[in-house]
There are 2 protein chains.
Amino acid sequence: MIAATPIQIERTTNPKVKPDQDKLGFGVHFTDHMFIMNYTSEEGWHQARIVPYQPITLDPAAKVFHYGQTVFEGLKAYRTEDGRVQLFRPDMNFKRLNRSNDRMSIPPIPEELGIEAVKELTNIDQDWIPDGAGNSLYIRPFVIATEPLLGVHPSHEYQFIIIMSPVGAYYPEGINPVKIFVESRYVRAMVGGVGEAKTAGNYAAGLKAQEAANEQGYTQVLWLDGAEHKYIEEVGSMNVFFKIDGTVYTPALNGSILDGITRNSTIQLLKHWNIPVVERVLSVEEIYEAGRSGKLEEAFGTGTAAVISPVGELNWLGEKLVINGGATGEVSEKLYNNLTGIQYGKQEDPFSWMVEVK
Amino acid sequence: MIAATPIQIERTTNPKVKPDQDKLGFGVHFTDHMFIMNYTSEEGWHQARIVPYQPITLDPAAKVFHYGQTVFEGLKAYRTEDGRVQLFRPDMNFKRLNRSNDRMSIPPIPEELGIEAVKELTNIDQDWIPDGAGNSLYIRPFVIATEPLLGVHPSHEYQFIIIMSPVGAYYPEGINPVKIFVESRYVRAMVGGVGEAKTAGNYAAGLKAQEAANEQGYTQVLWLDGAEHKYIEEVGSMNVFFKIDGTVYTPALNGSILDGITRNSTIQLLKHWNIPVVERVLSVEEIYEAGRSGKLEEAFGTGTAAVISPVGELNWLGEKLVINGGATGEVSEKLYNNLTGIQYGKQEDPFSWMVEVK
């Protein structure tokens, strides 16, 4: 399979020393190789290649530096106990990448080629997939507009690149509830904007609020809608769920919320377990009311990096709300154990989510 | 003055052939030199230097590619008929750059050094300032986050770069009214977001709406507020003004509108001429009502590229509104003539806006 792809391969002659597997961090170390493919209006996507990890050289007028025409994805490769290497739902990443591309006026990537590139790159750098509980190989596909023109128009030239980073467990001690600041001043995105696209500007827009929350001792911010500052959107770089009186609620996708793959997988698992799950507009007021009346049982974020991240406390306009006594809830823990169990091949994969890299 | 700055200079040994001054375009050709300065958390801004125009080499994990932490500015240098070279209000650009930096969690640039860098670079490449009516040298300062780390946090490393491009008159035939599509679906920015910052993501967010408007024969889009889609924000990459019954109105700065330097200069000139000018919330409905009742006398955009761009027609939800019979209005023309007159040194500069490069 892999040998039949049109991807040219140039192997490094100077492999790097691998980092200490107990001190990996997130996105700090990068593997020996990267994937690159070019786009021009005339040739389309072409020159798919794997090369030694190396700097990118761009004209200073390249549009990515000025107008932010760029999208990215994030997924992980896991090493199972019996030595297999598997990816979690890579098809979902490439479908979303192309939805992001469409919103940002970037030409679509052939999805099969993208998945093949991830597989082949993972295969070549498979020695970089760390052992150890919770360790994995984080894979970052991204597209940048490279045409050196200052007119505000979609670029006619792009690069699609994949880099990979061995990463540690998000919570080295196991999952641990975080404190979240409900952001009422700054806004990440709004309906009609680009909140649903995985594009750079959404992340830059969130930095200032995140810094302010960190200074007050909160790990992340909970974003509210841009129009009324009433409705819950997402948490930092995760989607968010609340369990109230036995039912799990999450904000419905509305165009300004990221369509998270761990979010989607969480909903499928909850349904599989016959736990009621509802996607709808959720106000922060009703979450607080449920909390005050003792009906808010759990809250958690979902995302590729942390998988499931329990929320132990919210702070909304100075009112603190402790959730489940600040401890990890039962459903949060079950989701974490099952999702990571499937990802590391420790348990059955009822939805055929995992894709083996051979 | 210039010789006393700490800017290191490496001159090119291989000057480029200059482009045909009648076919310059906008941001297509770049001069022989560029300015670069680096930032690290430890050293602050350092190593200010002018070097031959050359590619930028960055790690593929550099934060600018993934999280869009970047800001830019745009200003112009003009050659006067008596051979002097002058800049239009560069202090305003560097003040705004630092407001953008603050919003995007980027450390401030020393404003005096920034202005000195623009002057020195313009001086070195002054042969690139084109002659000819409406021609000028467009100057693009920008900051990019360069730290190679995938964590979503502000970068600890940046580059501040200035590149320059000889540009033609925006309207080679003189100013000419444009058709504008009032955008009711897509949103550029909202209060609480980053609309006031001159940052890449705002421009990427506008591409799709602009493409759709272009396909329908409109030059730019008029952005409405993100919350209600009722209130006027700005036009494409310009601020916008409307003359109704003798008074000129423009949307008040609200945090989601760019604080344009040509906007500010236009307001000052109107006041200088005793033409009433009002900055307030403006609904698209009231503009249409004024148009239907014959009281809408003129509409125009303001920006560095076009200076003054008359609007001859709006299209809002299918209803077309022709303004001033589709012709350039008297005040629009007077503003254009006076602003360009000051910029090219053809007339008195009552506000001491121009800064000579010696």
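This is a predicted model: local features need pLDDT of at least 70, side-chain atom pairs count only at pLDDT 80 or more; totals for chains, interfaces and linings use all residues.

**Entry: one bridge inside chain A.** I picked out A:Asp259 and A:Arg99, whose side chains meet in a salt bridge at 3.1 Å, N to O. This pair ties together distant parts of the chain, 160 residues apart. I found A:Asp259 in the loop between strand E14 (247-251) and helix H5 (261-272) of chain A, while A:Arg99 belongs to helix H2 (residues 90-103) of chain A.

**Entry: where chain B meets chain A.** How much area do chain B and chain A bury between them? I read about 4900 Å², with 64% of it on carbon and sulfur atoms. In residues, 60 of chain B are in contact with 60 of chain A.

Next I checked the salt bridges here, and the count between chain B and chain A is two. One of them joins A:Lys208 to B:Asp102, with the closest N and O atoms 3.3 Å apart. I also get 25 residue pairs in polar contact across this interface, both residues at pLDDT 80 or more.

Which element gives the most to the side of chain B that touches chain A? H4(B) does, with nine residues.

**Entry: two helices in chain B.** I turned to helix H5 (residues 261-272) and helix H7 (residues 330-343) of chain B, which pack at an angle of about 110° with their axes 11 Å apart. That angle makes H5(B) roughly perpendicular to H7(B). On H5(B) the contact uses B:Thr262, B:Ser265, B:Thr266, B:Leu269 and B:Leu270. From H7(B) I noted B:Val331, B:Leu335, B:Asn338 and B:Leu339. By class, this contact has five nonpolar, four polar and no charged residues.

Notes:
Residues are numbered from 1 along each chain as its sequence is written. Chains are lettered from A and ligands numbered from 1 in the order in which they are written. Side-chain values use heavy atoms; hydrogens and water are left out. Axes are lines fitted to C-alpha atoms, for helices over the stretch in contact, and angles run from 0 to 180 degrees between N-to-C directions. Helices (H or I, at least four residues) and strands (E, at least two) are DSSP runs, numbered from the N terminus. Angles under 35 degrees count as roughly parallel, over 145 as roughly antiparallel, 65 to 115 as roughly perpendicular and the rest as oblique. Contact means heavy atoms within 4.5 Å. Ala, Val, Leu, Ile, Met, Phe, Trp, Tyr, Cys and Pro count as nonpolar, Asp, Glu, Lys and Arg as charged, and the others, Gly among them, as polar. Buried area is the accessible area (1.4 Å probe) that two parts lose on being put together, summed over both. A salt bridge is a side-chain nitrogen of Lys or Arg within 4 Å of a carboxyl oxygen of Asp or Glu. A polar contact is a pair of N or O atoms within 3.5 Å; within protein, one must be able to donate a hydrogen and the other to accept it, and residues adjacent in sequence count only if both atoms are side-chain atoms.
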